[in-house]
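Here's a quick briefing to read alongside the model. Keep the viewer open and click through the residues as they come up.

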Amino acid sequence: ARLSGESRHRYRSLLEQCRRILGMSEALEENSLGNFRDVRTRSLNQLLGIFLRLLSSRDTIREHLSQLDRSALAREIEGLEQRLAEADPTTALARSLEGTLDIQRKRLDNHQRALDSLAVINAELERIERQVQLIREESAVGARPEALSFHLDSVAGTMRVPSRQCQRSVL
């Protein structure tokens, strides 16, 4: 409920893709792959959980960034630097200006870190969406009997489980 409308839409879209994958898994389960669906369900739930946390972080960072005017902060830093240059360095005023200047520089650094974090989060969100698309495509390919072996190897690789372990667990 705390997510922005865009984030809720994006989450629902990924959730729907995951449900489609599980629907395909049910069809595969009829071909004696019972435990495979459980593994896939856990993996998809983990991806959805990570995706949701990333969306929440992204919304929080965006909210923070919207409340800070970077150019106004940079102008304020310039003004403080000018005032500090004109002040007697031995006075309490100079110490106060130095402290304020340090705070404002840290705020500017935080703003840049927030922008950097936002870029990473956006890349991770896209990566998860593409991963789910890949799993869905592999599931569709795997629904054909002649591609079943390829499907198992592909999904096992996606889940970072060696294919021999995956085959042992479902046979």
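Partly exposed, in what follows, is the band between buried, under 20% relative accessible area, and exposed, over 50%. Glu126, at 42% relative accessibility, therefore counts as partly exposed. Bear in mind that this is a predicted model.

**The overall picture**

- Reading from the N terminus, the elements go α-α-α-α-α-α.
- The chain has 171 residues, and 32% of them count as buried.
- Take the contacts in the chain with a separation of 6 or more: 73% of them come from residues 24 or more positions apart.

- The average pLDDT over the chain is 80, and 74% of the residues score at least 70.
- Confidence is highest in helix 3 (residues 70–86), at a mean of 96, and lowest in helix 6 (residues 163–170), at 32.
- Over residues 144–171 pLDDT stays under 50, and the model has 36 contacts beyond four places in sequence for that stretch.

- Arg10 belongs to helix 1 (residues 5–29).
- Beyond its neighbours within four places in sequence, Arg10 is in contact with Phe51, Leu55, Arg58, Leu125, Glu126 and Glu129.
- The side chains of Arg10 and Glu129 form a salt bridge, at 2.7 Å from N to O.
- That pair ties together distant parts of the chain: Glu129 sits in helix 4 (residues 92–142) and Arg10 in helix 1, 119 residues apart.
- Glu129 and Arg10 are both buried.
- The two side chains are also joined by a polar contact of 2.7 Å.

**Arg58 in helix 2**

- Helix 2 (residues 34–66) is where you'll find Arg58.
- Setting aside residues up to four places away in sequence, Arg58 touches Glu6, Ser7, Arg10, Leu118, Ile121, Asn122 and Leu125.
- One of these, Ser7, makes a side-chain to side-chain polar contact with Arg58 at 2.7 Å.
- Arg58 also belongs to a salt-bridge network, together with Glu6 and Arg62.

- Side chains of opposite charge can pair when their charged atoms come close.
- How many salt bridges are there? The count comes to eight.
- Lys106 and Asp102 make one of them, at 3.3 Å from N to O.
- Both of these residues, Lys106 and Asp102, lie in helix 4, four residues apart, which is about one turn of the helix.
- Are they buried or exposed, or something in between? Lys106, at 48% relative accessibility, counts as partly exposed, and so does Asp102, at 38%.
- Arg130 forms a salt bridge with Glu126, with the closest N and O atoms 4.0 Å apart.
- Arg130 and Glu126 are again four residues apart in helix 4, about one turn of the helix.
- Arg130 has a relative accessible area of 43%, so it is partly exposed, and Glu126, at 42%, is partly exposed too.
- Glu126 also turns up among the contacts of Arg10.

**One more pair to look at**

- Ile50 is another helix 2 residue.
- With a relative accessible area of 37%, Ile50 is partly exposed.
- Ile50 and Ile128 are 78 residues apart along the chain, and their C-alpha atoms are separated by 8.7 Å.

Methods. Residues numbered from 1 in each chain as written. Heavy atoms only, no water. Helix = DSSP H or I, 4+ residues; strand = E, 2+ residues; numbered from the N terminus. Polar contact = N/O pair within 3.5 Å; in protein donor to acceptor, adjacent residues only side chain to side chain. Contact = heavy atoms within 4.5 Å. Buried < 20%, exposed > 50% of the residue type's maximum accessible area, 1.4 Å probe, protein only. pLDDT = per-residue confidence, 0-100.
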